[in-house]
Amino acid sequence: MKGGFSFQLLKGVEGEGRLGRIATPHGSFSTPAFMPVGSQGSVKSLDPADLMEIGTEIFLCNAYHLYLRPGTEVVKRLGGLHRFMGWDGPILTDSGGFQILSLCALREVESEGVRFRSHLDGSLHFLTPEKVVRIQEELGADIMMVLDDCPPHPISYGEAKAAEELTTQWAKRAKRAKSGDAHALFGIVQGGIYSELRRQSAHDLMEIGFDGYAIGGLSVGEEKEITFEMTEMTTSILPNDFPRYLMGMGTPEDILVGVRTGVDMFDCVLPTRCARTGILFTSFGKLNIKNARYSRDEDPVDPQCGCYTCCNFSRAYLRHLFLSRELLAYRLNAIHNLFYYHSLMRDIRQAISQDTMDQFEREFFSQRGKGNGGDSEEEGGEIVC
Ligand SMILES: [Zn+2]
């Protein structure tokens, strides 16, 4: 264990992005940061040594999943999540509000908490804001998220208002339930696609006071323009000296926009999920390794990439592995995709530091579709975050 949680804003230029450093009891990381998703306590197909090698500084686990399986008690008994997984770096746990919405057949929200049926075995559970904090403390998360009422899209103004108010009530209770300073706790701004509600939510959470602020309930089916409008409006209200986390987004393009609106932390299943469907991110756009054109291609996935996969293997070999359903395909693809994301974040941080975001963005987009092997949008496959 090192020190406690802190956020240092190193640089912030409106419309360009923010540079920061977040310290946690298990080490620190630079922002803007991308956090790979390891909901079940594992970033699919990668082990902690792989993650360190590709530059992962923090990753995300899910309290909902780990509470259901193997159970909080098991993880606690085995020394907490870090020891259980063999990962000594920072861990953020999501509370499960979104998973209960998206995975559970039964979801009944009451003022006291949320009742749901497990998506695994149909068993009935009731989670309260206090219990969700306790679960995350027992897991040993460095950064915990409050339980929020994450409503589906589309919803009426009235429904969004009710969800926002309940999220605020639950956030107050979560803050009271937190014990000590060993774990940071982030509030989650809700309010659907309604500016007024988002504004209210942000102000209410700031009044309660959290270690950081997340923007939740977006990217659930609304138009992208609205997603970014809500994000920008929210970050303009949130205090400068606390980290901001845009939950569940996005594509490399989304991240660029998010950074410019002042977001510090991102997570998304996209790079690892795409790895499992043969879609690879490159400096010239998406590449679908299943395409026949790669069957004799001895080039690496991305000649500009320095990852283990690109340094050692050809597109032809990766295509063969994928079509043969060899397990190695998923690992090599995931290594490349996450390395790409972490490199993107490093480049963005450098550009913010050197005041060259405009130039960086121009080059980023000018390379799209160039290079031998860049697949068109159709060939690259539909990507859903
Ligand atoms: Zn690579």
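Guide: Start with Asn337, whose side chain reaches the backbone oxygen of Pro271 at 2.9 Å. That is a polar contact: a pair of N or O atoms within 3.5 Å; within protein, one must be able to donate a hydrogen and the other to accept it, and residues adjacent in sequence count only if both atoms are side-chain atoms.

Visitor: Before I go on, where do these values come from?
Guide: This is a predicted model, where local features need pLDDT of at least 70, side-chain atom pairs count only at pLDDT 80 or more, and totals for chains, interfaces and linings use all residues. Residues are numbered from 1 along each chain as its sequence is written, and side-chain values use heavy atoms, with hydrogens and water left out.

Visitor: What is the mean pLDDT of the chain?
Guide: The mean is 94, and 96% of the residues reach 70 or more. pLDDT is the predictor's confidence in each residue, from 0 to 100. Over residues 377–385 pLDDT stays under 50.

Visitor: Back to Asn337. Buried or exposed?
Guide: Asn337 counts as buried because its relative accessibility is 0%. Buried means under 20% relative accessible area, exposed over 50%, partly exposed in between (1.4 Å probe, protein chains only).

Visitor: What does Asn337 touch?
Guide: Leaving out residues up to four places away in sequence, Asn337 touches Pro271, Cys274, Ala275, Ile279, Leu280 and Phe281. Contact means heavy atoms within 4.5 Å.

Visitor: And which helix is Asn337 in?
Guide: Asn337 sits in α14, residues 327–353. Helices (H or I, at least four residues) and strands (E, at least two) are DSSP runs, numbered from the N terminus.

Visitor: New topic. Which residues are the protein donors of the zinc ion?
Guide: Cys305 (SG), Cys307 (SG), Cys310 (SG) and His336 (ND1), at 2.1 to 2.3 Å from the zinc ion. Donors are N, O and S atoms within 2.8 Å of the metal (3.2 Å for Na, K and Ca); water is not among the atoms, so sites may look incomplete.

Visitor: What spacing do the donors follow along the chain?
Guide: C-x1-C-x2-C-x25-H. Cys307 and Cys310 are both buried.

Visitor: How many salt bridges?
Guide: The structure holds 18. A salt bridge is a side-chain nitrogen of Lys or Arg within 4 Å of a carboxyl oxygen of Asp or Glu.

Visitor: Show me one.
Guide: Glu361 and Arg260 meet in a salt bridge at 2.7 Å, N to O. This pair links distant parts of the chain, with Glu361 in α15 (residues 357–366) and Arg260 in α10 (residues 252–260), 101 residues apart.

Visitor: Is Arg260 buried or exposed?
Guide: Arg260 is buried, with a relative accessible area of 18%. Glu361 is partly exposed, at 22%.
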